Amino acid sequence: MLDFITETNDVWQNMRSCGRPLVLYGMGNGADAILDRMSAEGLTAAALFASDEFVRGQSFRGFTVEHYADIKARLGDFAVVIAFASELPEVLARFKALAAEHIVFAPHLPLYAGSEAVDSAWLAKYAGRLQNVYDKLADDESRRVFANVLNYKLSGKPQYLWQCESDRRDDLQQLFAFADDESYLDLGAYDGDTVQEFLALTGGKYARITAVEADRRNYRKLCAKTEGLDNLRTVEAAVWNEDTVLEFSDSGGRQSTLINAHKRQVQALKMDSFLGDEPVTYIKMDVEGAEKQALLGLKEHILRDKPKMFIAAYHYDNDFFELPELIWQLRPDYKIYLRKHPYVPAWEMNFMVL
């Protein structure tokens, strides 16, 4: 079982045995979390650098923030530990350039404190469920992505991600067929970027768009970006499996969340109740860890309409098997594809359901 898992050591064991000084690349929350975990694992960083444009002679956690070139001149060979997340092409190119010269690790840590994370014990605990989902995925590429992502999460080697990346727009166009009368439900609409994506995919032809966003600042941006569009409804709310009020943490970015949130209360909607008899043909769902609840809140529309769905697969490691299991429980006839779009660490993984 799980013959597709080829790595045996976790990232901390790999860092311990690499035989080189460990140098962090990046500052901020990611670096804080990695330094804390390294300390718990008995690992010590030798230095820390940032991209040249961010070096101002500052310090971080007792390290002087240096230029890469200065550390290279001083230490020679070393292992780079990527300590921040990015999808920017120029930053991803830097990561790959570093990997051409050094051993590079990009440790995978849970997005939410207290949630389960991939390690050898996790793989053993969920082996049967992981194998079942792997076997039922719709194509070989999905299985390759599934295997690569799990090997990455265990080992911390970003090469596994780079070997299975694909272009998001290409995947949407190749796997989904968009008609002129789509009824689009955008859950976690952010600043309107995915509404614009939908318009590009459909050539601006559609029946209705409903865009739901809970973050106040993002919602204002969403309304500004979509102003003037016909048959479009924006909704300032979270999504859940019942109509209720929940605690929510605004960040003004992509990581606004209901998880471990204590900033303010927001209205949360069960979309089956909100939409009523309105049909839905396409759903994009990126709701920062509330995907299972959102799916349950759409059970009636999923059963009736069988919409195609584009669902974030990276907020919890257990989403890798729990989300497909839930989708198949609702409709066993769904085909589920998995695609990884450019991002380090393993964010921007999406289930494409049709």
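Three strands make up an open sheet with mixed pairing, in the order β10-β12-β11; strands here are DSSP runs of E of at least two residues, helices are runs of H or I of at least four, and both are numbered from the N terminus. At the edges stand β10 (238-240) and β11 (244-248), each of which pairs on one side only. Two strands are said to pair if DSSP finds at least two bridges between them. Direction ignored, neighbouring strands of this sheet are turned by 50 degrees against each other on average. Five bridges join β11 to β12 (residues 264-270) in the antiparallel sense, and V245 stands opposite Q267 in β12.

The structure is a predicted model, in which local features need pLDDT of at least 70 and side-chain atom pairs count only at pLDDT 80 or more, while totals for chains, interfaces and linings use all residues. Residues are numbered from 1 along each chain as its sequence is written, and side-chain values use heavy atoms, with hydrogens and water left out. The pLDDT is the predictor's confidence in each residue, from 0 to 100. Its mean over the chain is 95, and 96% of the residues reach 70 or more. Over residues 253-257 the pLDDT is below 50, yet this stretch has 20 contacts in the model beyond near neighbours in sequence (contact: heavy atoms within 4.5 Å).

Strand β13 (residues 282-285) is covered on both faces. In a regular strand, side chains alternate between the two faces of the sheet. In β13, Y282 and K284 on one side and I283 and M285 on the other are all buried, that is, under 20% relative accessible area, where over 50% is exposed and the range in between partly exposed (1.4 Å probe, protein chains only). β13 pairs with β7 in the parallel sense over four bridges, with I283 as the bridge partner of L185. Pairing of β13 with β14 (residues 308-312) is also parallel, over four bridges; here F310 is the bridge partner of K284.

The loop between β7 (183-187) and α10 (193-202) contains D191. D191 is buried, with a relative accessible area of 15%. Not counting residues up to four places away in sequence, D191 touches N218, K221, L222 and K225. A polar atom of the D191 side chain lies 3.1 Å from the backbone nitrogen of D193.

Helices α6 (residues 127-136) and α7 (residues 140-155) pack at an angle of about 150 degrees, their axes 8 Å apart. Axes are lines fitted to C-alpha atoms, for helices over the stretch in contact, and angles run from 0 to 180 degrees between N-to-C directions. The contact involves L130, V133, Y134 and D135 of α6, and R143, F146, A147 and L150 of α7.

Definitions and conventions. Polar contact = N/O pair within 3.5 Å; in protein donor to acceptor, adjacent residues only side chain to side chain.
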